[in-house]
Amino acid sequence: MPKIIPHLWFPEKAEEAAEFYETIIPDSHVDSVTTLPADTPSGPEGSVQVVEFTLSGQPFLAINAGPLDPFNHAVSFVLKCKDQEEIDELWEALSAGGSTEPCGWLKDRYGLSWQIVPNLLDVLMKDGDHDRAKRVAEAMLGMGKLDVAALQAAYDAE
């Protein structure tokens, strides 16, 4: 078992969110849902649930326990993608009912922030040639959903 497991506090719909994510992200599943007893201070009987789920092999916990603090950009989840097709699929699915943002970021319908990025971005951004990496960063700053071909073209430009 990992030593660190992200824990997400949803005002409601934690189980629905976990089920949604498992349909989109490969190697994902809901492991268990526990409804807490009626004397839980966070909500009425049956409303407080602890959801254990796995996304791409990473365990998560979620609690459905009423409003406390909304999700924000301080915590986001990066989904690394092998190609443009995978970026397109994840972008479309996760942004449905949510909102898109610059630089490959989006918020899903539950308010959780995601970064949908190609594996290639790490290679391009970490290049020892400062000018090439700068061109890639500048190209990325002008995008919503990341475009692998455009990032590669910025890298290759002279």
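Glu158 lies in the segment after helix H5 (148-156); helices here are DSSP runs of H or I with at least four residues, strands are runs of E with at least two, and both are numbered from the N terminus. Because its relative accessibility is 89%, Glu158 counts as exposed, where exposed means over 50% relative accessible area, buried under 20%, and partly exposed in between, with a 1.4 Å probe and protein chains only.

The model is a predicted one, in which local features need pLDDT of at least 70 and side-chain atom pairs count only at pLDDT 80 or more, while totals for chains, interfaces and linings use all residues. Residues are numbered from 1 along each chain as its sequence is written, and side-chain values use heavy atoms, leaving out hydrogens and water.

I turn now to the chain as a whole. The protein chain has five helices and eight strands, and from the N terminus on these run β-α-β-β-β-β-α-β-β-β-α-α-α. Its C-alpha atoms fill a box of roughly 65 × 30 × 25 Å along the principal axes. Of its 158 residues, 37% count as buried.

Which residues have the most contacts inside the largest nonpolar core? They are Tyr21, Phe53, Leu94, Trp114 and Ile116, in a core of 27 residues. Such a core is a set of buried Ala, Val, Leu, Ile, Met, Phe, Trp, Tyr and Cys residues joined through side-chain atoms within 4.5 Å. Among the elements that give two or more residues to this core are strand S3 (49-55), helix H2 (84-95) and strand S8 (113-118). The largest share, six residues, comes from H1.
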